[in-house]
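Please consult the sequence and the structure shown here.

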Amino acid sequence: MRLSVFIASVTFVGAVLAIPQQQTFDDIGKIPNGETYALECLLASGLDVSSLKSLQTGDFSNGDRVKCLVKCFFEKTGFMDAAGNLNEEAIVTQLSQFMPRDQVEKLAKNCKIEGTDPCDTAYQATDCYFKNKAGLF
């Protein structure tokens, strides 16, 4: 059970960060505490592991709890502040550890979105990452 939760949290982190398929999940470990944060956010959300499978495919139609789970992860990694503002510098700094910096900068700039609330902002930014990553990587 513990292994499956860990695998799901690593998969979730990869989905949230919109890592191209050719990247390995080892790259996720370069984000300080990424796996831990994903698991903490999963537990705080009250969602079960199976509800995260849709994130692997870029399907974010599971409602506000999934949106807020993404927000939780963004806050813990510094990608977003408590007020719901995206932190472009933190996103670029962390993701450029394992992706080309110029491409990450372009992605972060193109996806600096403000949603209806912090959870929606995290959702909209992540959705934008998925929609735009193909042209960048």
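This is a predicted model, in which local features need pLDDT of at least 70, side-chain atom pairs count only at pLDDT 80 or more, and totals for chains, interfaces and linings use all residues. Residues are numbered from 1 along each chain as its sequence is written, and side-chain values use heavy atoms, with hydrogens and water left out.

Q: Is lysine 76 buried or exposed, or partly exposed?
A: Buried means under 20% relative accessible area, exposed over 50%, and partly exposed in between (1.4 Å probe, protein chains only). Because its relative accessibility is 35%, lysine 76 counts as partly exposed.

Q: With which residue does lysine 76 form a salt bridge?
A: A salt bridge is a side-chain nitrogen of Lys or Arg within 4 Å of a carboxyl oxygen of Asp or Glu. For lysine 76, the closest N and O atoms of the pair are 3.0 Å apart, and the partner is glutamate 40.

Q: Is aspartate 120 buried or exposed?
A: Aspartate 120 forms a salt bridge with lysine 67, the closest N and O atoms being 3.3 Å apart. Lysine 67 counts as buried at 18% relative accessibility. Because aspartate 120 has 9% relative accessibility, this residue counts as buried.

Q: In which helix do arginine 101 and glutamate 105 lie?
A: Arginine 101 forms a salt bridge with glutamate 105, their closest N and O atoms being 3.1 Å apart. Helices (H or I, at least four residues) and strands (E, at least two) are DSSP runs, numbered from the N terminus. The two residues are 4 residues apart, about one turn of the helix, and both lie in helix H6.
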